[in-house]
Amino acid sequence: MAIVGRALLILALVVALYGIAVSLYGAVRRREEWIVSGRRSVYAIAGLVTGAFAILEYAFLTSDFAFATVASHSSTTTPTFYQAAAAWSSQEGSLLLWLWLLSLWSTLVLFGTRRQLRIVAPWATAVLLGFAAFFAALLVFKETPFALLAVAPAEGAGLNPLLRHPSMMIHPPMLYSGYTLFTIPFAFAVGALITRQVGAADWIRATRRFALAAWLFLGIGILLGARWSYSELGWGGYWAWDPVENASLLPWLTGTAFIHSIMIQEKRGMLKIWNVSLVLATGTLAILGTFLVRSGILDSIHAFGASTLGVPFVILIGIMIGGSIGLVVWRREALRSENRLDSLLSREAIFLLNNLVLVAMAFVVFWGTFWPLIAEALTGTRRSLGPPWFDTYTVPLAIVLVLLSGIGPVIAWRKATPANARRNFLLPAVAALGLGGVLAAFGAASRPAALAMFVCGAFVVASVGQEFWRGVGVRRAMTGEGPLRALRSLVARNRRRYGGYLVHVGMALLFVGVAASSAFNNARDVRLTPGQTTRAGGYEFTYAKATSRVSTTKAGELEKISFGAVVDVRRDGEKIVTLRPERGFFPSRDIRGLGPVGRFFEGEATSEVGLQAGIRRDVWTAMTPDIRNLMPTIEEGDRVFAAAAGKLPPELEGQALGQALSGIVRQYIASKPAATFRVITSPLVTWIWLGAIVVFLGGLIALWPGPDAPGRRVSARYAARVAEELGRA
Amino acid sequence: MDILALLVIVMVLVAVLAIVASPLRGDTRERVRGEAADEIAELEARKEAKYREIRDAEMDLRTGKLSPEDHRELDRALRAEAVVILKALDEAGG
């Protein structure tokens, strides 16, 4: 089947190149049949790549180690759940996932606009096919997922244990969905610029939902990564300003700016240059983020490692940047605003300020991420900028951003009067400042940035709450509905508005959680022996006893050896929870020079953290066992196995290895070993994840087609005439 | 390459050719609209956006973000802009 998979990818590349040619020919010559043929090329590619992806998944799920990528990233002992995800843990599998998602979203948007956008769509089709051709070419010529091994091994190397986490199943598909969905508005923006249709409401309406969906998927992908970091990596944090984390944040920041300011273009025909620049930058940054993980130019836990893909990606990114700048300059006349800002006290002005803040944040993140490269190019010395540098600039910007997200909902479009603004701001401001005063009295003033974030977050919740309250009141006055029904009707009839408000609330909760957990956490690294206690944040952590176990798969094969601890947590003498952190040692996938026992301690090690999450506070611990005392036993075990090599049948050798590891387990517990613990108490971490859920729900509501969907529109002529005849015009 | 794999590849190739080449034989059901229809669609989109603005302004009035005087002025301007769009729609045959 590998040959079929490879043939499907070659065919996809050929079809993509054909589609580009006929789409451009049809667009220039205005020949409908060639335009349609180009669009059908996208559908065909979706089918071809779906077939290729299915073949690869089947190979993983059946542990077909004839496939080189399956042999190097999966094993028979890898749980089925993770075998399916292992397909995109490899460079080539992730490229195939990217191409597959691109082809699906492209098919969706082009099918949905097949009877519209006659002028813009063919150019957009060519751009999307250009991306498809690029990724197909990489898969055909550089990193094929269908390479076969001359001799298929009996067992694969297995999935990197760090990736065995549910978040890791869905984090890459979410992230790549975000990246690929952002290519949709990018492609249509290019088409609109080439055809001078940049002011058209049609292409904005067609692609706005894709931009919002991209923003949502990318955001969820970023947060899943943060969750994985918090619960799997054993350092106790969720965001490290890692270069690849930053690379995914960059298009999300500019995408956020775009989905806000595009509303102004829809309503007022303003900010066209700004919007077009944002959407082109967002598409480019999405490709840049894809490039970073596979270039090897930056050190990161995410990196696929050094590869030969750096040059093609740099060329593509160069074309995107140069082409984007060229198009904007070429069409600058068509990008002039149709209207001017009526008032600085207006939602338009707030959106503009909001965009400036978001772009400033993106610039900070971009500079901080690429500084190592720039410094190395200029001085020859590699440097890096860590979290303190990023926090210096992003924290105040984030505070301003949250404040603006509370002002936006309570200020009118076009022009708000000072009197009305005062009336609308009064209650939320009083609520927020009141809360701030209370928190300050309880010690929050010691962290002024965090306190400012709490106040701004409270302002957002209060202002949005006021909006919902008033909106429900209006609805009830108009219809006599009960409060819950009125709330449902209100949201259903104004999905974009109230979905957006919910997103603001979710983001406020998230930022409050970040501020609290960053500013008020208590962390301690300490070495303990069984029976000893340490304190952090008013909690006592007692290392009660050591634990150890050998894990096997369902098929009875040895999987890992774990060393852990039972940690009793108390507060004011009262037991709160018992935590069981562990460190798991997986056998090395490279067995050269390693004995059967020793290889378990030369492979990947993962942390299973001990965590009690709560609405008010998380109690977290991870441990690193001291296994130095076990080394003589491990070395002795390897010598024994070396001497018995070839003398035992494989099944007996397996049993003997199991017994050897069990002996090590017993020795570890009996020795009452010391261990190094990191203990953390951290307030409001759960608010980050809850905020993310609220953001997701708000985004879904905003995305959902409302009552004004095409099937239920009333003819403009009749609607306006009714209004005119009523004498209200 | 085994026969089954070759057969699958050939079948896929034929299917792809059929999909992408059928419009060139003039037997597509997908008719792209003419320029006039595109213009109407654009005006419809602008009309919807304008109606959304009018509804937003009314909501702003009802929830106290706009005073009645400001709303009257804004509503008048928005409806005038909507009438321009409707006239353009009428002329375009929409």
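This is a predicted model: local features need pLDDT of at least 70, side-chain atom pairs count only at pLDDT 80 or more; totals for chains, interfaces and linings use all residues.
Biologist: Which residues make the contact between α13(A) and α17(A)?

Modeller: From α17(A) come H504(A), M507(A), A508(A) and F511(A), and from α13(A) the partners are A398(A), V402(A) and S405(A). By class, this contact has 2 polar and no charged residues, and the nonpolar ones number 5.

Biologist: Are α13(A) and α17(A) roughly parallel or roughly antiparallel?

Modeller: The axes of α13(A), residues 387–407, and α17(A), residues 495–519, come within 10 Å and cross at roughly 150°. Because angles over 145 degrees count in that class, α13(A) and α17(A) are roughly antiparallel.

Biologist: How far apart are the end C-alpha atoms of helix α6 of chain A, and what span should its residues give?

Modeller: Helix α6(A) is mostly covered, with 18 of its 22 residues buried. At 1.5 Å a residue, the 22 residues of this helix, 121–142, should span 32 Å, which agrees with the distance between the end C-alpha atoms, 31 Å.

Biologist: Which element gives the largest share of the side of chain A that touches chain B?

Modeller: The contact takes 44 residues from chain B and 50 residues from chain A. Elements giving two or more residues to the chain A side include α1 (2–29), α2 (32–61), α8 (201–232) and α15 (448–479) of chain A. By class, that side has 17 charged, 8 polar and 25 nonpolar residues. The largest share, 10 residues, comes from α2(A).

Conventions. Residues are numbered from 1 along each chain as its sequence is written. Chains are lettered from A and ligands numbered from 1 in the order in which they are written. Two residues are in contact if their C-beta atoms, placed from the backbone, lie within 7 Å. Helices (H or I, at least four residues) and strands (E, at least two) are DSSP runs, numbered from the N terminus. Ala, Val, Leu, Ile, Met, Phe, Trp, Tyr, Cys and Pro count as nonpolar, Asp, Glu, Lys and Arg as charged, and the others, Gly among them, as polar. The expected span of a helix is 1.5 Å times one less than its number of residues. A residue is buried if 20 or more other C-beta atoms lie within 10 Å of its own, exposed if 12 or fewer, and partly exposed in between; C-beta atoms are placed from the backbone. Axes are lines fitted to C-alpha atoms, for helices over the stretch in contact, and angles run from 0 to 180 degrees between N-to-C directions. Angles under 35 degrees count as roughly parallel, over 145 as roughly antiparallel, 65 to 115 as roughly perpendicular and the rest as oblique.
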